Amino acid sequence: MSTPSPETAVGLPVSAAQDMIANAVQPVTGTNTVLLHEALGRVLAVDVVAPINVPAHDNSAMDGYAFAGAVLAAGGTLTFSVVGIALAGRAWAGTVAPGECVRIMTGAVMPADCDTVVPQELTLTSSADHMTLAADVVRAGDNRRHAGEDLALGKVALARGRLLRPAELGLLASLGLTEVIVHRRVRVAFFSTGDEICAPGEPLRTGSVYDSNRTTIHGMLLRLGCEPLDLGIVADDPAALQAALERASLLEADAVITSGGVSVGEADYIRQIMTQMGEVNFWKLLMRPGRPMAFGQIEAGGSTLHLFGLPGNPVAAMVSFYFFVREALLRMMGATPEPLMLLQARSLVAMRKKPGRTEYQRGIVSTDATGARSVRITGSQGAGILRSMSEANCIVVLGHEQGNVDAGEAVDVLLFDGLY
Ligand code: AMP
Ligand code: MG
């Protein structure tokens, strides 16, 4: 283990820890070719170059009449004879002379001689053979979609590293593609530690608590699109912890997440094991909740695994996952994560806060009739009270430098909704 610098002796600021993690992790190698229907939440491993123009042809953006816009220059009221009809999927192949127009529907290919569409509702009169319009209701070129205006043939339509959401999958489908090459899933082993931790379904022993962390971590990993490898509950025993980490390596995990056992208590062995098996980058953060959180690498079975030692307290474990592990896993998945989007909301209450550490409080954001956003803090903020996470719809982030917050002051919040 590297000698702790003076600031790591008291703890590392959150942003420094986040940078350290970002620099330490790399995208996994290995790709899969998957059907679009199976690609949601995966990350593109290669640039996708458009094999066609989208749209493939110039086409109409409106139901109306197509004609050559040059005649508009004359001004006044213009009369056209209707010489044909163009439907979506059924182009009109004839010629269109000046003074003539084609009835056209949205999405229909523009007839060769036409560059302008007047929407039906802007015409003065229309019948099967004639249409009249005031020349000033459209300009030449209006309501025509150009071939390739969405995606141009030969250009990168989506760059590698893109996380595939429904919009990206639709875009790939619009190119006529059925499959896509994505990074393989990141394999994440996880286990809970603690002699007092008891598996749900078993009788609760005196002094025990049911293991909730393994279930929350499993859920968060699935949301992120990782492959979870559940290694169960491990006793506060160095040999058992070492065996669990070796098992993670045998299972070819890319990372391991543990919960509990990272403080300085009698039975907190995670840091010791990490030091024996590899390297601890940091283990104490200037944050609340979640002050003890270890990050480092272990060598086992000939491979190197990143280890995230989360605190045991259920709220602290979740907060640490969202603010540290999530982004690291996204990077390992091959994505280029954007910083988490924080919104501003007016705090309905005053909050005590010491500068020099980051604090995360569970909050409920609401919008009043005028559209103003405000946030209140959920009842009990204890790091072990998971109910506070369940009742909350956001986390209030009080930054490192921030001091006390007055009621009515704006604070940063991270909405849970949309947090994958
Ligand atoms: P530790 O970080 O091991 O000192 O644990 C801190 C607190 O979190 C203790 O009260 C533990 O009982 C509790 N805890 C640890 N692991 C879990 C878990 N997997 N599920 C629920 N509570 C836990
Ligand atoms: Mg413990």
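Colleague: Into which classes do the residues of the shell around ligand 1 divide?
Modeller: The shell around ligand 1 in this predicted model holds nine polar, four nonpolar and two charged residues. In this scheme Ala, Val, Leu, Ile, Met, Phe, Trp, Tyr, Cys and Pro are nonpolar, Asp, Glu, Lys and Arg are charged, and the others, Gly among them, are polar. Residues are numbered from 1 along each chain as its sequence is written, while chains are lettered from A and ligands numbered from 1 in the order in which they are written. Local features need pLDDT of at least 70, side-chain atom pairs count only at pLDDT 80 or more, and totals for chains, interfaces and linings use all residues; side-chain values use heavy atoms, with hydrogens and water left out.

Colleague: How many residues surround ligand 1, and which are the closest?
Modeller: There are 15 around ligand 1, with Glu196, Asp211, Ser212, Gly261 and Gly312 as the closest. A residue is counted if one of its heavy atoms lies within 4 Å of the ligand.

Colleague: What makes the pair between an oxygen atom of ligand 1 and Gly261 a polar contact?
Modeller: A polar contact is a pair of N or O atoms within 3.5 Å; within protein, one must be able to donate a hydrogen and the other to accept it, and residues adjacent in sequence count only if both atoms are side-chain atoms. The oxygen atom of ligand 1 is 2.8 Å from a polar backbone atom of Gly261, so the pair meets the limit of 3.5 Å. An oxygen atom of the ligand also lies 3.2 Å from a polar backbone atom of Asn313, and a nitrogen atom of the ligand is 3.3 Å from an N or O atom in the side chain of Asn213. Of the 490 Å² of accessible area that ligand 1 has on its own, the protein covers 76%. These areas come from the Shrake-Rupley method with a 1.4 Å probe, and for residues only the protein chains shown count as cover.

Colleague: Where does the largest pocket lie, and why is it placed there?
Modeller: The largest pocket lies between domain 2 (36-54 + 149-183) and domain 4 (343-415), because both give residues to its lining. The C-alpha centres of these two domains are 38 Å apart, and the bounds come from an automatic or database domain assignment. The volume of this pocket is about 550 Å³. Its lining comprises 22 residues, and Leu163, Arg326, Glu338, Pro339 and Tyr420 lie nearest its centre. Helix H7 (314-332) and strand E26 (410-415) are the elements that give two or more residues to this lining. Helices (H or I, at least four residues) and strands (E, at least two) are DSSP runs, numbered from the N terminus. By class, 12 lining residues are nonpolar, seven charged and three polar.

Colleague: Which element gives the most to the lining of the second largest pocket?
Modeller: H2 gives the most, with five residues. Helix H2 (14-24), H7 and strand E23 (358-367) each supply at least two. Domain 1 (6-30 + 184-332) and domain 4 each contribute at least three residues to the lining. This pocket has a volume of about 410 Å³. Its lining counts 20 residues, of which Val14, Gln18, Phe323, Leu340 and Leu342 are the closest to its centre.

Colleague: Which peptide bond is cis, with omega near -10 degrees?
Modeller: That bond runs from Val54 to Pro55, and Pro55 is in the loop between strand E2 (48-49) and strand E3 (59-60). The bond from Arg288 to Pro289 is also cis, with omega near -5 degrees.

Key
1 Å grid on protein atoms, 1.4 Å probe; cavity = no way out; pocket = protein on both sides within 12 Å on 5 of 7 lines; lining within 4 Å. Points joined across faces, edges and corners; volume = space filled by probe spheres on them.
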